[in-house]
Amino acid sequence: LFVLLLRSIAWTSRTEIENEAVLDEALRQHGGYILSTWHRDIFFSIWMFSELHLTAMISASRDGEGIFQVMHHFNFSGLRGSSTHGGTKALLETGKLLKNGGGVAIAPDGPSGPSLQSKPGIILLARDARVPIIPWSYSSRSEWLLKTWDQHRIPKLFNHIRGSYGEPLLIPPDLPLNRIPDYCRQLEQAMQETAKYVRRDS
């Protein structure tokens, strides 16, 4: 059902993606990247990312299984784990993947919030893999907001949907643990700026 809904929204809407050169530059300079999308934006971002052949870190919970089944139809690979279920193993596997080149998608506020607040995992992963974090956001002309902890966004059909990548956030490889919260706040700010940019004509 969710796969059909996602395809129906995309097929009846005009979609565009801006600032894609950021990804090419990240691959050229660093060999990989982490795409950061808020949990509330996952649903339609699956379609927007479908040509990138990303690996996504997905919660090991029952809800995560549902997301994984949808992603599987849109060229994603999945690593199961979160801050509460199997997260350490998933972080290690993701780090190895990034060092071998490629892109990984992570919701830094998942799997259970607080919404729009980054947890430390994404910063640690970027630090240890020495790849940039690339913020992502999209805007839609009209949408439904679900009654979930993140107020998940579902764009309506016959829409205009625009997404954009933000400027990369580089994490110093020698960043001490006590500075991790500072970079969580920097990522939140970068995500806000990307969202503001993509809504500029709305």
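Which residues form one aromatic cluster with Trp136? The cluster is made up of Phe49, Trp136 and Tyr165. The structure examined here is a predicted model, in which local features need pLDDT of at least 70 and side-chain atom pairs count only at pLDDT 80 or more, while totals for chains, interfaces and linings use all residues. Residues are numbered from 1 along each chain as its sequence is written, and side-chain values use heavy atoms, with hydrogens and water left out.

We can start with the overall picture. The protein has seven helices and nine strands, taken as DSSP runs numbered from the N terminus (helices: H or I, at least four residues; strands: E, at least two). Its radius of gyration is 16 Å, close to the 17 Å that the globule rule gives for 202 residues, so the protein is as compact as a globular protein of that length. Here the radius is taken over C-alpha atoms, and the globule rule is 2.2 Å times the number of residues to the power 0.38. The C-alpha trace spans about 50 × 35 × 30 Å along its principal axes. Of the 202 residues, 48% count as buried (buried is under 20% relative accessible area, exposed is over 50%, and partly exposed is in between, with a 1.4 Å probe and protein chains only).

Next come the aromatic rings. Rings of Phe, Tyr and Trp (its six-membered ring) pair if their centres lie within 6.5 Å; planes under 30 degrees apart are called stacked, over 60 edge-to-face, and the rest tilted. This rule gives six aromatic pairs. In one of them, Trp47 and Phe74, the ring centres are 5.9 Å apart and the planes stand at 70 degrees, so the pair is edge-to-face. Because Trp47 belongs to helix α3 (residues 42-48) and Phe74 to the loop between α4 (62-71) and β4 (77-80), this pair ties together parts that are 27 residues apart in sequence. Trp47 is partly exposed at 22% relative accessibility, whereas Phe74 is buried at 4%.

The rings of Trp136 and Tyr165 have centres 4.9 Å apart and planes at 50 degrees, so they form a tilted pair. With Trp136 in strand β6 (residues 133-140) and Tyr165 in strand β9 (residues 160-165), the pair ties together parts that are 29 residues apart in sequence. Trp136 is buried, at 0% relative accessible area, and Tyr165 is buried too, at 2%.

Charges also meet rings in this model. A charge sits over a ring if NZ of Lys or CZ of Arg is within 6 Å of the ring centre and within 35 degrees of the ring normal. Arg153 lies over the face of Tyr138, 4.3 Å from the ring centre, and the charged end of Arg200 sits over the ring of Tyr197, 4.2 Å from its centre. Both Tyr197 and Arg200 are in contact (heavy atoms within 4.5 Å) with Glu18. Glu18 is in strand β1 (residues 14-18) and is buried at 15% relative accessibility.

Finally, the backbone deserves a look. In the loop between β5 (102-106) and α6 (121-129) is Pro111, joined to Gly110 by a cis peptide bond with omega about 0 degrees. Pro114 lies in the loop between β5 and α6, and the peptide bond from Gly113 to Pro114 is cis, with omega near 5 degrees. Leu116, also in the loop between β5 and α6, is not a glycine but has a positive phi of about 65 degrees.

Key
Lists of a residue's contacts leave out its neighbours within four places in sequence.
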